[in-house]
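Please open the model in a viewer that can select residues by number. The tour below moves from one selection to the next and says what is found at each.

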Amino acid sequence: VFILAIESSCDDTAAAVLKNDQVLSNVVANQLIHNQYGGVVPELASRAHQQNIVPVIDAALRKANITKEQLSAIAFTQGPGLMGSLLVGSSFAKSLSLALQIPLLAVNHMQAHILAHFIAEEGYNKPTFPFLALTISGGHTQIVKVNDFFDMEIIGETTDDAVGEAFDKSAKILGLPYPGGPLVDKYAQLGDPKAFEFTKPKVPGLDFSFSGLKTAILYFIQKKKLENPNFVEENLNAICASIQHNIIEILMDKLKLAVKETGIKQIAIGGGVSANSGIRTTLKAAESKYGWTTYIPKFEYTTDNAAMIGIVGYQKFLSQNFETSAVVSKARIQF
Ligand code: ATP
Ligand code: FE
């Protein structure tokens with residue numbers, strides 16, 4: 001089975017070709033245009049998708065060394081995401097499936113961040129059901145109980161900002177360019193994570209809150225700058241390390257609670273923030289510390305990519321879960 005997958009939910013235009021559960025190509029075109037605005041501008045995103053989609057799909061097919069006539073089906077991101085962006089990918093997928101007379105597979109982007117773990121990779125053990133998934137990305141922060149490929153329950157989620165936003169907004173306060181998450185990670189590796197303390201939110205149960213952290217950091221920086229105008233420049237590594245440490249502790253506290261409540265000790269992480277080196281090390285260490293089995297995706301499958309859409313498409317293909325071209329994109333959608 002050859003599946004062409006298209007992902008266009010936010011600001012990256014991506015296409016991948018899978019042969020069963022193996023990735024033959026995985027191409028992403030980043031839209032650098034948003035950096036100067038400090039965040040994604042939806043109208044610019046959809047326009048850039050329109051420019052990128054043909055060359056990106058072309059490159060994916062070329063790298064996979066197959067022709068479009070060999071494709072068995074086309075998978076695309078149905079949602080959640082920016083409506084204008086989603087429409088570019090879905091319209092293209094629908095037209096191509098009609099032209100080639102092959103089935104169409106609609107994929108949930110958040111399910112894909114989780115099921116990316118089922119991509120066949122040499123030396124990578126796939127999780128077994130049931131497991132807990134911590135999905136941490138630019139728009140979501142969820143703990144999901146994954147019973148089967150398409151049987152998932154959200155048992156905890158953020159009540160305000162997502163973790164990715166917490167990283168990006170903190171970075172913005174520090175004067176770092178968008179998206180700041182990877183930069184906070186980079187500087188954090190050189191600083192003392194216990195240099196500064198920020199209070200942790202008190203949210204009951206398995207839910208999260210991250211908006212307070214951003215405010216705490218803002219006030220902290222404003223106060224310190226009054227004493228020393230160069231405070232940020234002189235302490236950038238330590239500030240980043242402390243922010244990251246605080247975020248990791250919030251995530252770990254809730255994960256520990258989720259393990260206690262469900263009795264499930266298999267933990268998989270997914271979403272753009274799972275690229276964070278501190279989170280990856282902490283989770284790896286939790287194996288010997290708490291007796292968990294942890295699943296950490298390859299870097300290229302953490303931030304938005306089409307390979308993860310392809311693997312969900314493949315599972316849907318196996319169960320003949322096809323869509324007609326009447327299927328609609330959804331900006332908001334659970335599972
Ligand atoms: P969603 O998946 O919720 O729709 P999205 O697709 O926009 O949101 P992703 O591409 O999954 O989000 O993740 C992007 C986020 O990941 C950004 O907030 C970015 O700053 C963050 N991120 C990427 N790499 C790192 C890193 N190394 N450390 C911390 N954050 C990171
Ligand atoms: Fe995403």
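Begin by selecting A75. Leaving out residues up to four places away in sequence, A75 touches I3, A5, L105, V107, I309, G310, V312 and G313; two residues are in contact if their C-beta atoms, placed from the backbone, lie within 7 Å. This is a predicted model, in which local features need pLDDT of at least 70 and side-chain atom pairs count only at pLDDT 80 or more, while totals for chains, interfaces and linings use all residues. Residues are numbered from 1 along each chain as its sequence is written, and chains are lettered from A and ligands numbered from 1 in the order in which they are written.

A residue is buried if 20 or more other C-beta atoms lie within 10 Å of its own, exposed if 12 or fewer, and partly exposed in between, with C-beta atoms placed from the backbone.

**The whole chain**

Along the principal axes, the C-alpha atoms fill a box of roughly 65 × 45 × 30 Å. Of the 335 residues, 48% are buried. Among contacts between residues at least 6 apart in sequence, 74% join residues at least 24 apart.

**The five-stranded sheet**

In which order do the strands of the open sheet of five strands stand? The order is β3-β2-β1-β4-β5, with mixed pairing; two strands pair if DSSP finds at least two bridges between them. Select β3 (22-30) and β5 (104-108): these strands stand at the edges with a single partner strand each, so one side of each is left without a neighbour in the sheet. From one strand to the next, the twist averages 20°. Axes here are lines fitted to C-alpha atoms, for helices over the stretch in contact, and angles run from 0 to 180 degrees between N-to-C directions.

Then select β2 (residues 12-19), which runs antiparallel to β3 and is joined to it by eight bridges. One pair to display is A15 with its bridge partner in β3, V27.

**Helices on the sheet**

Helix α9 (residues 307-318) packs on the sheet and touches β1, β2, β3, β4 and β5, its direction making about 130° with that of β1. Eleven of the twelve residues of α9 are buried, so this helix is largely enclosed by the rest of the structure. Its covering includes α3 (109-115) as well as the strands β1, β2, β3, β4 and β5.

**Backbone details**

Most residues other than glycine have a negative phi, and most peptide bonds are trans. Select P80, in the loop between β4 and α2: the peptide bond from G79 to P80 is cis, with omega near -5°. A cis peptide bond also joins Y178 and P179, with omega about -10°, and P179 is in the loop between α4 (163-173) and α5 (181-188).

Is N65 buried or exposed? With 10 C-beta neighbours inside 10 Å, N65 counts as exposed. N65 is in the loop between α1 (42-64) and β4, and its phi is positive, near 60°. N20, in the loop between β2 and β3, has a positive phi near 50° and counts as partly exposed, with 13 C-beta neighbours inside 10 Å.

Notes
Helices (H or I, at least four residues) and strands (E, at least two) are DSSP runs, numbered from the N terminus.
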